[in-house]
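Please keep the sequence and the model in view while going through the points.

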Amino acid sequence: MTSDSPATRKITIEFDDKTTRMFMVASIGWGVVAMLVGVLIAFQLNFWQMNGHYFEAVTRFLNETLKLSFIPVFDVDGIQYLTFGRLRPLHTNAAIFAFVGNMMFAGIYYSTQRLCLTRMFSDTLSKIHFWGWQLIIVFAAITLPAGLTRGKEYAELIWPINLMVVVIWVIFALNFFLTLKIRREKSLYVALWFYIATIITVAMLYIVNHLQIPTSLTHAYPVFAGVQDALVQWWYGHNAVAFFLTTPILGIMYYFLPKAAGRPVYSYRLSIVHFWSLVFIYIWAGPHHLLNTALPQWLQMLGVFFSLMLWAPSWGGMLNGLLTLRGAWDKLRTDPVIKFFVVGITFYGMSTFEGPLLSIRSVSALAHYTDWIIGHVHSGTLGWNGFMAAGMFYWLAPKLWGKKLWSTNLANMHFWIGLIGILLYVASLWFAGIIQGLMLNETDPTGTRVVNEFVQTVDKISLLMLARAIGGTFYLVGFLLLVINIWKTARSGAPVNETREVVEDPSMKKDSMTWKAAFTNEPIALTFWGLFFAILWFFLPPGANHMALLVTLGFTAYAVYQFKRNTQSWSDWYDKLSENYLPFSVLVLIAVILGGAIQIIPTVTVNRAINVEDRLQSVYTPLELAGRDIYVSEGCYNCHSQMIRTLVPDVLRYGDYSRLGESIYDHPFQWGSKRTGPDLAREGGKRSDSWHYLHMRNPRMNQGSRMPAYPWLFHKETKFKDLPGKIAVQQRLGVPFPIMTPEEIEQHAREQALEIATGLVAEQVKIEVPKGEKEPTNETEARDHLAGKEVIALISYLQKLGSFEEVAPDDTPEKIEPRIFKPGIPDNQRVRAPSAPAVTSTPDKESTLATQP
């Protein structure tokens with residue numbers, strides 16, 4: 001129907017570009033913060049003094065020598081907020097949720113209104129979304145350096161902030177879907193498909209991974225533990241990358257790249273294949289983060305299989321983006337926007353090639369726990385997300401402020417400095433990871449001893465780590481040029497909201513597809529049965545699974561035949577589906593739920609005491625539980641793993657490989673993803689209490705260590721009063737703590753702490769006393785002073801690591817009862833688990849094995 005028809009009318013609409021401007025400015029501001037923190041922690045890995053100690057020296061000089069009393073001194077209690085373990089979660093959360101998150105929202109709000117030819121449904125919801133998201137980021141910036149964390153990567157925020165995230169995300173989703181409902185454009189454009197997948201999948205991932213039971217306003221335990229918690233975490237962690245850092249940016253690519261190039265998308269059909277294959281396959285690939293661990297073998301193979309399949313859709317999307325520039329490549333020479341987009345898409349292709357490569361078991365054995373993984377992550381975040389963000393910001397600024405970009409030359413300079421920075425960053429970590437992996441896996445000719453100590457590998461890659469920090473600094477400098485350019489552009493112009501005349505056709509039929517038409521058709525039926533038998537292929541026993549595979553291949557061949565035979569009818573069905581946002585969204589939800597459910601539900605039965613191989617984890621005492629919470633709070637999981645893989649070098653270096661049952665009561669799991677220091681899974685009993693005490697005070701007792709000192713642990717009091725509430729929650733989660741009164745719990749914790757303190761005093765360790773407090777005058781006072789400190793609780797936890805109970809393979813569930821502690825009995829009188837196998841890496845393990853760089 002033409003615009004001249006009596007049933008149609010022309011109207012002028014004003015888009016809400018103010019929200020886009022606010023999100024864009026917020027993204028730039030938080031991006032600077034994220035990158036500044038990233039550069040700081042990169043240098044901390046080279047110079048341990050930068051974990052707050054330099055700040056203490058500088059502020060003390062300014063305050064006391066130069067008499068600048070308004071500058072506070074970062075003393076022992078102040079530098080705790082500046083350690084790597086606390087700042088690394090701040091960096092990752094700021095980069096993902098503050099920088100990329102705000103950039104994503106800016107792109108979605110701008111493009112959705114134009115693709116739907118309508119203003120966002122509610123300005124009020126847009127404002128609540130913006131200010132609520134910024135408040136979440138501020139709370140994260142306060143709580144994470146304070147040590148308030150859940151101890152799970154990319155999911156560290158405490159439960160009150162988690163609730164805020166859910167509420168704000170629902171508000172965003174409501175505003176988005178109601179905008180789709182009132183749209184004036186019949187069909188949903190490709191970019192909107194990716195936005196729909198982002199909103200639905202992130203909500204599902206976030207809610208499931210953040211299921212927890214609070215013990216206080218700032219602390220909670222996740223409902224999952226051990227292997228199940230590991231699987232849920234990396235189902236979330238991998239797909240947070242997929243559906244927060246990838247799918248929305250792909251949607252932005254599909255909108256902004258054609259606009260900048262002045263060319264249509266290369267292939268609509270390829271975009272369909274790209275979207276649905278990516279959405280379905282990505283959700284299955286999380287287990288590849290847990291290869292060679294205690295995760296059941298079938299889940300590991302599932303992750304590898306689907307990770308390798310990701311090559312096809314990922315590169316299909318990259319090629320669709322790059323080929324969109326056909327006929328417009330000349331703009332690459334002069335237009336910085338095109339430069340940033342092309343390099344960003346190229347990094348997307350590189351990262352999505354590298355990801356499946358790293359999921360191959362032999363490659364993972366070399367690369368996992370090394371800096372190669374860090375380089376891979378940053379090539380995606382800084383190369384793909386960062387360059388796409390810069391290109392989008394440079395394209396948007398003239399339109400949002402009604403003025404030409406202040407300096408094209410400055411934007412080009414940003415491009416080259418940023419490109420040099422990210423290439424130096426990523427390349428140095430590739431080399432560092434490969435070198436360290438090879439050195440750690442190297443054994444002598446007999447294959448019975450590892451050749452290199454952990455600290456030797458860290459010394460070997462120290463220059464590469466410095467190059468990494470320099471590369472990050474270059475990238476930050478380039479981004480600061482963007483800040484100047486956008487600020488100057490905004491200052492020279494004025495905020496502008498685009499107005500556009502559109503044709504409104506009340507007779508336009510959209511969202512009219514029935515649910516029956518959407519779901520009872522040949523494409524859906526063939527997809528369902530093909531997936532059904534493919535899933536049976538994974539679960540059926542040998543023989544039957546081969547039959548399921550043959551049936552799957554048969555359905556696949558038949559589907560291809562039917563598609564070629566009925567291409568037009570299949571195409572018509574999809575065109576109709578893309579005109580109906582609700583059935584489309586439901587199909588997306590089904591696609592992502594399927595992969596998650598098939599992975600996670602079986603582990604509910606696996607992660608029980610009956611399925612523990614031959615070992616069952618010993619339950620923590622109250623003091624050990626307090627020490628574990630301190631370990632998590634200090635971010636030790638960022639540098640240390642607690643998972644000895646089923647690899648010969650791991651076993652030779654750290655002891656017998658970890659079993660599924662050895663972390664069955666760990667809420668949260670602490671398997672880790674990066675070894676900046678050695679694995680601690682069998683640390684208990686290897687060294688004396690005094691060794692741990694001195695090591696926490698001065699890690700330089702191990703030459704070459706990059707680990708910061710933790711002097712505040714010698715001053716801060718252990719929160720004994722919180723233990724009854726924490727143990728009550730653990731009992732609700734199935735941890736077999738004995739029934740005890742709050743008084744008995746506290747008494748047991750204090751008795752164990754006194755026992756450890758007594759031993760330390762007998763060895764005449766130096767007692768740390770905060771300034772202004774009275775020095776102990778005798779052994780009793782020294783013991784009582786020391787027993788209440790956090791360092792004692794942490795020592796008790798470290799000495800428990802690797803403790804387990806032997807379980808016979810034919811034991812019934814009734815027989816599998818852990819020999820847990822009894823109230824009032826000192827720890828040294830309890831029945832201890834068998835000690836871990838001796839490590840054969842060096843005869844001088846006391847001085848070098850646990851070196852924590």
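Predicted model: local features only at pLDDT ≥ 70, side-chain atom pairs only at ≥ 80, totals over all residues.

1. The protein chain contains 30 helices and six strands. Its radius of gyration is 29 Å, close to the 29 Å given by the globule rule for 853 residues, so the chain is as compact as a globular protein of that length.

2. Of the 853 residues in the protein chain, 60% count as buried. When contacts between residues at least 6 apart in sequence are considered, 84% of them join residues at least 24 apart.

3. The protein chain carries 72 positive and 66 negative side chains. The centres of these two sets are 10 Å apart.

4. Domain 1 comprises 19-51 + 83-504, and domain 2 comprises 615-658 + 675-848. Taken over C-alpha atoms, the centres of domain 1 and domain 2 are separated by 36 Å. Contact between them involves 48 residues of domain 1 and 44 residues of domain 2.

5. Most residues other than glycine have a negative phi, and most peptide bonds are trans. The peptide bond that joins His 667 and Pro 668 is cis, with omega at about -5 degrees. Pro 668 is located in the loop between α24 (648-654) and α25 (689-697).

6. Two residues call for a check of phi. Leu 117 is not a glycine, yet its phi is positive, at about 55 degrees. Leu 117 belongs to the loop between α3 (84-116) and α4 (123-143), and it counts as buried because its relative accessibility is 16%, under the 20% cut-off. Asp 511 also has a positive phi, near 55 degrees, and is a residue other than glycine. Asp 511 is placed in the loop between β4 (499-504) and α18 (515-519); with 28% relative accessibility, Asp 511 counts as partly exposed.

7. Is Asp 679 buried or exposed? Asp 679 is buried, with a relative accessible area of 5%. Asp 679 lies in the loop between α24 and α25. Leaving aside residues up to four places away in sequence, Asp 679 touches Ser 641, Gln 642, Met 643, Ile 644 and Tyr 654. Ala 432 is 247 residues from Asp 679 along the chain, and their C-alpha atoms are 19 Å apart.

8. Which residues does Leu 278 touch, not counting residues up to four places away in sequence? Among them are Phe 194, Thr 247, Leu 250, Leu 310, Pro 313 and Tyr 348. Leu 278 is part of helix α9 (residues 268-282), and at 1% relative accessibility it counts as buried. Leu 278 and Asp 229 are 49 residues apart in sequence, and 25 Å separate their C-alpha atoms in space.

Methods. Residues numbered from 1 in each chain as written. Heavy atoms only, no water. Helix = DSSP H or I, 4+ residues; strand = E, 2+ residues; numbered from the N terminus. Rg over C-alpha atoms; globule rule 2.2 N^0.38 Å. Buried < 20%, exposed > 50% of the residue type's maximum accessible area, 1.4 Å probe, protein only. Contact = heavy atoms within 4.5 Å. Lys, Arg positive; Asp, Glu negative; His and termini not counted. Charge placed at Lys NZ, Arg CZ, Asp CG, Glu CD. Domains from an automatic or database assignment.
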